[in-house]
Amino acid sequence: MTNVHEGENSLRVAHLISGLGRGGAETSLLRLILDTHRTLQHHVVCMTDVSEMAGAIENAGARVTVLGATRGVLNPILLLSATRALLTESPDVVHAWMWHAAALSSMCRISARIRSIPCVWGIRSSLDSGRRSLSTRIAIAYARASSWYPHAIVFNSQRSRAQHAFAGFCMEHASVIHNGIDVPDEKDIAHWRRTIRAQIGVTDDVIIFIQVGRAHPDKGVDNFIKAAQIVHAQLGARAVFVRVGKPGWESGESGVNIALERSPLIYHAGEQLNARPWLAAADVCAMTSLRESCPNVVLEAMSVGTPVVATDVGDAALLVGMCGWVVQPNAPDALAEAMIAAASTIVQPSHRARLSKDCRTVMASRYSREEVARKQIAIYQGVIQLSQSHRS
């Protein structure tokens with residue numbers, strides 16, 4: 001990946017994030033560092049001890065500080081340690097990722113030095129109704145009350161921005177930057193497809209439906225499996241169903257029907273550091289979430305030419321466009337109907353080739369990582385100029 005604006009004077013960015021587990025926000029942070037590490041100096045401050053991706057982020061060129069606080073608890077000790085860590089490298093910009101970090105960044109304004117540094121919030125979740133912990137509800141409320149503070153709020157979907165505006169967040173300096181993706185070479189995609197399908201033990205005439213995500217109720221795992229049963233009843237052995245992600249009985253996630261998840265119809269690939277080879281091997285990706293903002297799996301699937309059946313959550317419908325199928329969330333019958341329609345389309349070679357090409361073209365032209373990095377750098381430069389104008 002070509003680094004953006006290479007050769008310009010580096011800006012120092014201090015990122016504040018609640019954890020560094022394997023999730024959408026953390027992946028986007030890693031990609032931003034990879035794409036800008038020669039032009040931006042990154043220091044990532046992780047509030048908790050959830051730090052599986054810390055090594056990858058350090059290897060990408062960033063310094064990482066792990067504060068080790070109890071997850072979801074905002075307290076005076078965390079406030080002091082976060083303030084100290086954010087100031088360590090005299091940043092030009094503070095970038096707070098998600099609600100907890102946004103709330104904590106506002107609390108850190110007790111320090112005059114923090115108040116003098118322009119701040120960006122990155123909000124990467126929707127406000128769809130759903131079960132949330134008490135700490136998350138408090139963080140959202142505090143972030144709403146202090147949303148006048150940051151010099152910019154960047155959402156990763158139009159729907160999330162609209163939801164936050166409706167909820168009373170300050171939108172004076174709000175914008176949307178969708179997640180970015182790089183489009184692999186066709187030779188890599190072909191290699192991944194051959195390798196994974198050989199591993200599963202299926203031939204080219206078999207249709208693989210894949211669902212990617214952790215075993216959490218918000219990801220709609222139950223609906224995927226219910227839809228798989230319906231599709232299997234119609235297509236029989238022509239259809240294979242694959243799940244990528246740690247199973248519920250291993251992850252300890254609550255709310256997933258474990259007995260249903262253990263369905264013999266499902267091939268469990270487990271947690272994968274890189275899901276794209278599996279997506280390349282599939283014929284249809286089912287994005288079954290009940291709530292999302294800008295679902296990375298849709299971008300990843302389309303980047304390897306795999307069409308998507310997506311639930312209408314976040315900006316999924318906008319991402320899919322004319323390159324897939326969109327159904328209402330929590331409707332396994334509708335999901336199954338769309339999966340069958342997708343299967344009937346892709347079995348026609350000319351339709352499949354056109355759909356695959358269209359998917360990759362849309363990703364390359366509208367959602368490239370390079371464009372995302374350029375937009376994010378422009379945000380940083382803009383808030384610095386805004387801060388300087390306020391002080392002058």
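Analyst: Start with residue classes: Ala, Val, Leu, Ile, Met, Phe, Trp, Tyr, Cys and Pro count as nonpolar, Asp, Glu, Lys and Arg as charged, and the others, Gly among them, as polar. By these classes, the lining of the largest cavity has seven nonpolar, eight polar and four charged residues.

This is a predicted model, where local features need pLDDT of at least 70, side-chain atom pairs count only at pLDDT 80 or more, and totals for chains, interfaces and linings use all residues. Residues are numbered from 1 along each chain as its sequence is written, and side-chain values use heavy atoms, with hydrogens and water left out.

Now the terms for spaces. On a 1 Å grid over the protein atoms alone, a cavity is a set of points where a 1.4 Å probe fits but cannot get out. A pocket is an open set with protein on both sides within 12 Å along at least five of seven lines. Lining residues have an atom within 4 Å of a point. Points are joined across faces, edges and corners, and a volume is the space filled by probe spheres set on them.

The count comes to two cavities of 30 Å³ or more. The largest cavity holds about 220 Å³ of space. Its lining has 19 residues, and Ser28, Trp97, Arg124, Val372 and Gln376 lie nearest its centre.

Turn to the second largest cavity. Its volume is about 50 Å³. Arg12, Val13, Ala14, Gln41, His43, Leu86, Glu89 and Pro91 line it. Strands β1 (11–17) and β2 (40–48) each give two or more residues to that lining. The largest share, three residues, comes from β1. By class, this lining has four nonpolar, two polar and two charged residues.

An open space can be set beside these. The second largest pocket has a volume of about 350 Å³. Of its 17 lining residues, Ile189, Val304, Gly305, Arg352 and Ser356 are the closest to its centre. Helices α8 (186–200) and α16 (349–366) give two or more residues each. The largest share, five residues, comes from α16. This pocket lining divides into eight nonpolar, three polar and six charged residues.

Definitions and conventions. Helix = DSSP H or I, 4+ residues; strand = E, 2+ residues; numbered from the N terminus.
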